[in-house]
Amino acid sequence: MAGKKLAALGLALALLLGMAAGAAAQDAGALVQASFDYMRGKASISTCTMLIHRSDWQRSMTIKAWTLGQSDSIFYITAPPKDAGNGTLKKSDEMWMFNPKVNRVIKLPPSMMSQAWMGSDFSNNDLAKSDSLIKDYVHTLEKTDTVDGKKVYFIKSMPKPRAPVVWGMQKLKIREDHIFLQQDFYDEDLKLVKSLTMLDIKPLGGKLYPAKWRMQKADAKGEYTVVGYEALEFKDSLPESRFTLSSLRNPRF
Amino acid sequence: MLSINQRMAWRNLWRNPRRTLLTVAAIAFACLLLVFMLSFQFGSYETMINTAVKVQTGHLHVEAKDYQDQQDMRLVIKDPAAVAKVMRATPGIEAFTARANAFALISSKERTYGALVVGIDPEAEAKVSTLQSIVRQGEYLKPGDAEGALVGRLLARNLGVKLGDELTVLGQGRDGSIAAMVLTVRGIYSSGIDEFDRSSIQMGLGSFQANFSMEGAVHQMVAVCQGLGEVAGAKSYIAAHLPPQKSPSLAVLDWMQLMPGLLQGIEMDLVSGIIFYLILIVVVTFSILNTFLMSILERTHEFGVLMAIGARPGRLSKLVFMESLAMTLLGVVAGMIMGALVTWYFQVNGLDLGVQDVMAQYGITGRMYPQLSWISLTAGPALVLVMTLLAALYPTRRIWRLKPVEAINYV
């Protein structure tokens, strides 16, 4: 009798604990989703400069970007003049590039998705699979901490089984007001590859927003890319027609 | 003047001329085989290397340090003319050319692939590599053709392009700017090396430099030497005379550094060859040991008589050993002479392997040429000599155990 009771108690305890763990995962997942929505907005129009730094040279360009929902975006290089008009369209997992000089659109083949975008430390995948973090990963809360009077959540994100992911693990730091502070990218061997740090948080586009995004390679301290927002405007919606191949072919910025 | 022992040994040899000749022939044949096969192996390596070198790599490269490992667009030779001047003055160099490479997206109407775009100087390239001769469809690039491109057979198939079709190339220039151009397929090449045919296109160097913002720079200066033997000398000459260039500094690489896989393949083949030769030598040694042993057993009675009239076992051993030595030396020398003659004949005339058509398609003549060298001539025979002499020691031990009275009565 006693044994049976004990077993029942054990089962109940296990169920309870399991539910608690499930709830924590759900909480972390909800937090990531909420932060992602906060950072991305429903739709946005922005202008930013991208500075690519290498040990012996650096180069910067200006980019104008439109985003809609979680996965559609279109952006053009507006400076330097030599590269102005080069555009990139991203819809779900696919990417196209447009070059005004030859007036052609090229679809990026899957084999090229891990290559650097325009020689920066952002890969095509970083851009194309931006919503992969939401779709393909399971998030667990590791710990919380207080930084500058604000609560910061440390979240570990592991890929779902058989999800078509690029990273073997991601680690996130999210502030209580849903602002991403850091995103670390690990390979399959759980070795750090690169880190994205959000800096200079200030009012931008009607809400608090990090104005500087810095992507740092883990194995080369002298190599990083900084994206700085010059203008950012959040919208409720943008016309779908903005995010089409014919739109890509006719740069308007 | 021969000593009495030497004279006796020589006479003993020809007491049974058939056996002696057979043994000598066995040793000679083994030596002949070793000389020829080793020469043939060395010759085939030279052919392999020259073929691999001719398709693309060349014997020597001058390029920015680390370019070989990193393939970074920015690691360039800023002043190719200065390097060209050094190469022109280098003894042993047959021809050289400049190349520039960029990884880019190549797109046809339907498909896009990532591939290496190589900027070449058509005239100089034709003297350095087999590129011109492996263009199977269409024609080779004409000097000054800014819009033409040569495409590898497999890449052309993957892209679904034919002669005259347009390709869009989208990549990144040396300064990080976007390089985009439309090229027309002038020719399709097939080197037989799938990797090369699947992942590269060739275009004019001038047009490459303009589109990829190279500012006159190139990535590689590629040279071929008159023969493999000239490579080391040419390499050190160029290294000593390289024009100074800071960040990145320049380096000279030879084919072994450029194609480490080829060298490893050769080393592996050589090792398996050596194992085969060792087995051959062991077999020969045992058959010779057998002959030596037989000649002693057969002469037990004779040795008994010699001992009865006062010959010491040491003297008899010496006698037998001298007989073996004479036989071995005869065999080895004959084998070396015949091996050298056979090898030399094929070295001059070539050995037709009967696969001419297949190989010729890839710019290789179907004939193989063995390479006679001091190593291939002496290494095998020397080993045979040592092994047979060791084998000759064993039978002499029997002599020490002979008892004269028993030996005399031995039938």
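This is a predicted model: local features need pLDDT of at least 70, side-chain atom pairs count only at pLDDT 80 or more; totals for chains, interfaces and linings use all residues.
View 1. The contact draws on 18 residues of chain A and 15 residues of chain B, two residues being in contact if their C-beta atoms, placed from the backbone, lie within 7 Å. On the chain A side, β5 (94–99) and β6 (104–107) are the elements giving two or more residues, and β6(A) supplies the largest share, three residues. By class, that side holds seven nonpolar, four polar and seven charged residues (Ala, Val, Leu, Ile, Met, Phe, Trp, Tyr, Cys and Pro count as nonpolar, Asp, Glu, Lys and Arg as charged, the others, Gly among them, as polar). Residues are numbered from 1 along each chain as its sequence is written, and chains are lettered from A in the order in which they are written. Local features need pLDDT of at least 70 and side-chain atom pairs 80 or more, while totals for chains, interfaces and linings use all residues.

**View 2. Helices α1 and α13 of chain B.** Here the axes of α1 (residues 4–13) and α13 (residues 313–349) come within 9 Å and cross at roughly 60°, the axes being lines fitted to C-alpha atoms over the stretch in contact, with angles from 0 to 180 degrees between N-to-C directions.

**View 3. The residues between α1(B) and α13(B).** Look for Met8(B), Trp10(B) and Leu13(B), among the α1(B) residues that meet α13(B), whose partners include Leu319(B), Met322(B) and Ala326(B).

Terms used
Helices (H or I, at least four residues) and strands (E, at least two) are DSSP runs, numbered from the N terminus.
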